[in-house]
Amino acid sequence: MQNCILEVRHLSKYYAGVKALDDVSVTFREGEIHALAGENGAGKSTLIKTLTGAITPTGGEIVLEGQIYDKLDPVGAIDKGISAIYQEFNLVPYLTVAENVFYGKEMMKNGLVDKRAMNAEVQKTLDEMGIKLKPSTLVSDLGVAYQQIIEIVKAVAANSKILIMDEPTAPLTNTETQVLFNIISNLRKKNVTIIYISHRLEEIFHMCDRVTVMRDGKYVSTRNVGDITQKELIADMVGRTLGEDYPQRAKPVGDTVLEVKGLNNDRVRDVSFRLKKGEILGFAGLVGAGRTEVMQAIYGADKLEGGQVYLNGKPIRIKDPSKALDKGIGLIPEDRKNQGIHLGLSIRQNITFSSLKQAMTGPFINKKKDTAISEEYGKKLQIRMPGINQLAMNLSGGNQQKVVLAKVLATKCDVIIFDEPTRGIDVGAKQEIYMLMRQLVEEEGKSIIMVSSEMPELIGMSDRILIMHNGKIAGELGREDFSQELILEYASGLIGG
Amino acid sequence: MGNTTSIKMKNLIGNYGIVFVLVALIILFAILSNRFLMADNIFNVLRQVSIVGIISVGMTFVLLTGGIDLSVGSVVGVSCVGAALLMTDGGLHPALAAIIMLLAGTVCGIANGFFIAQLKIPPMIATLGMMTSLRGIAYIITGGLPVFGFDPNFTKLGQGYLGIVPLPVIIMLLVFLFGALFLALTRAGRHIYGVGGNEEASRLSGVHVKRIKYLVYAVSGFMSALAGIVLLSRINSGQPNAGTGYEMDAITAVVLGGVSMTGGQGKIGKVIVGVLIMGILTNGMTMLSIYEYTQQFVKGMVLIAAVAFDSFAKSQKSKAVIG
């Protein structure tokens, strides 16, 4: 039995009448990778925040290396060796890697910042972790993956004994994820305890030693990962048995609806493809392969330097997103928070944001029509909300994504581009979005392009998959040829191109 | 049950915190001065705030998109002396002069929109440049001297009454009504909130973001010119320095009214409250014969206190909601 390094006992956090965390007790062993699983709103984040000192628990205690605390504060938590890496990074873009690692605790020499010593120190850590990166690089010049690595280096440099990672792989490509996993294994060897939150269950099974499941603010179970199956874990998370199968398609696809010929701009080279009526066309590829750029170009959100788009056989010119919507092409962007939702607007205002024309009487918005449209789509998408006039910021991630979906569907477009439709949302909401996509193509005759970095979802949902590499389409697979290995080989440029 | 009542209470304070400040001020001055609540004094306050009130509607539009318009005071100055010169030297009918200056003010706003939307100059810089240049124009066209001698009918606009209500107050109320209807009930109004809250999401939702930016600065320019014309009629003389510092008064009132400086949030109804707080403070303190320099100090402190109270109240409200 390993040493217990951290324990929470009967931890609770109540907000006016709601129990965000309800009498939760968990122990974390030294040097283990301990996953926290649960749907959005299960209380994982609240638990994490009590550990980092971001919030004060209402009751219970935190036992850290034998010391009992009834609360922690942010500075104290770091001093005691607890660090957290969130999905949004806390880095200063115009400082170097080393300056960021030592931000707030710079090494000094004669009253001046000693850059050389800091660079050397960071270089040492990077070498140890096997990461090729110069400490003098500006953070603004780095991609997400490296920014995350810097956050980890920061935690390591602060001598953290407990490292909390909240959805660390969400923004990463498969290769980058592998690098991250190597780093995590290294940390485990150094006896660092890692608390790992992820919606991707295969990662939990791949990386973690134990998994604690939470639901509705309550503790459900802690198990050795080796002792359970994915299905059992999902059953614990949702509290009911949920088929993780993808809805099967029944109807065959129709004629070509959208055709793209020779699309070119600075990120995309000579991309051509056809989308058929009632089809779900998957786009696979590594992050940066140009998938999102293709979609943004078709949708008129990015410049198009060459190529032609045909809708129902007729050539069309789309110069901005409003034109695309007029033509019946909608886009659900990949970055919900920055590109999709208006957090400060109400659910109603969000849903009808792109389709207000339908809710007008003369020059004015007709509140009745406005409400009717948003209620119709709110119901259709089963958005769980206290009321249509609630602000979108009060919804969970999955429900926010449904609001964005509702907004696009309300424009009554026929071709819908889903860019990473299930990123960062919980299992239950994912399932609902899959069902909806099926319903859209089969019952309503819509056509869907789905860009996704989640292989199982691409394989489960698509009728055809196009794989992009380096701005070009590297290969195309029909349903019978779908395999994770093949897609990866195309995506990494091993074959095709 | 106790819990829900306290949530309701917190929501109430969160939504109407600034209204409580206004009511508290009214009660305070009513106790300290028995003339304060008399009808003529109430209209006096309203008339005093009408110029800044008109400007603050345009400023609200701009702030809601996450921008700022520092040129409003200078547009007031230019439209004031511009209309004066058109009537005196140009011999134009007052109505025609007013229309020309309203157009000119709108053009100034469109120029702001061009610098900000097309050339991507930060709003603070673009409108700061316009503020300085337009003030320069006001001095150039007048040679730095006041302009006077208009048709006596023209002064009715600023000095006349409809029943017992001064005309500038009516104009201000109409402008507020226009602003409230526009923001709440038109597509462009919804898009203004959207652009301020999340510009990229708005663009991807099919909003013509540039057009919205042109629109809000044009509205701000128009409102400022309107304020300048009303001001000219009230003081009956075109002063090239008219409107100096009004940008700060308007921003203060709008921020007091709870409009977020980062855009996307705020209601025009509460901006009226912000405008009234500024007016009542001036009026009340003047009635109590408080030294003018002290008044200035107090107003600054009230701004900070009111906004601090408002953000405290909001944090209480959001706690209640998240919980």
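Colleague: Where is Asn191(A) found?
Modeller: Asn191(A) sits in the loop between helix H6 (174-189) and strand E10 (193-197) of chain A. Helices (H or I, at least four residues) and strands (E, at least two) are DSSP runs, numbered from the N terminus. Bear in mind that this is a predicted model, where local features need pLDDT of at least 70, side-chain atom pairs count only at pLDDT 80 or more, and totals for chains, interfaces and linings use all residues. Residues are numbered from 1 along each chain as its sequence is written, while chains are lettered from A and ligands numbered from 1 in the order in which they are written.

Colleague: OK, what's phi of Asn191(A)?
Modeller: Near 70°, so a positive value in a residue other than glycine, and Asn191(A) counts as partly exposed because it has 13 C-beta neighbours inside 10 Å. The cut-offs: buried is 20 or more other C-beta atoms within 10 Å of a residue's own, exposed is 12 or fewer, partly exposed is in between, with C-beta atoms placed from the backbone.

Colleague: And where's Glu65(A)?
Modeller: In the loop between strand E4 (59-64) and strand E5 (67-69) of chain A. Glu65(A) has a positive phi of about 50° without being a glycine, and is partly exposed, with 14 other C-beta atoms within 10 Å.

Colleague: Switching topic: how many residues of chain B are in contact with chain A?
Modeller: 24 residues of chain B, against 28 residues of chain A. Contact here has C-beta atoms, placed from the backbone, within 7 Å.

Colleague: Which element gives the largest share on the chain B side?
Modeller: H8(B), with five residues.

Notes: Contact = placed C-beta atoms within 7 Å.
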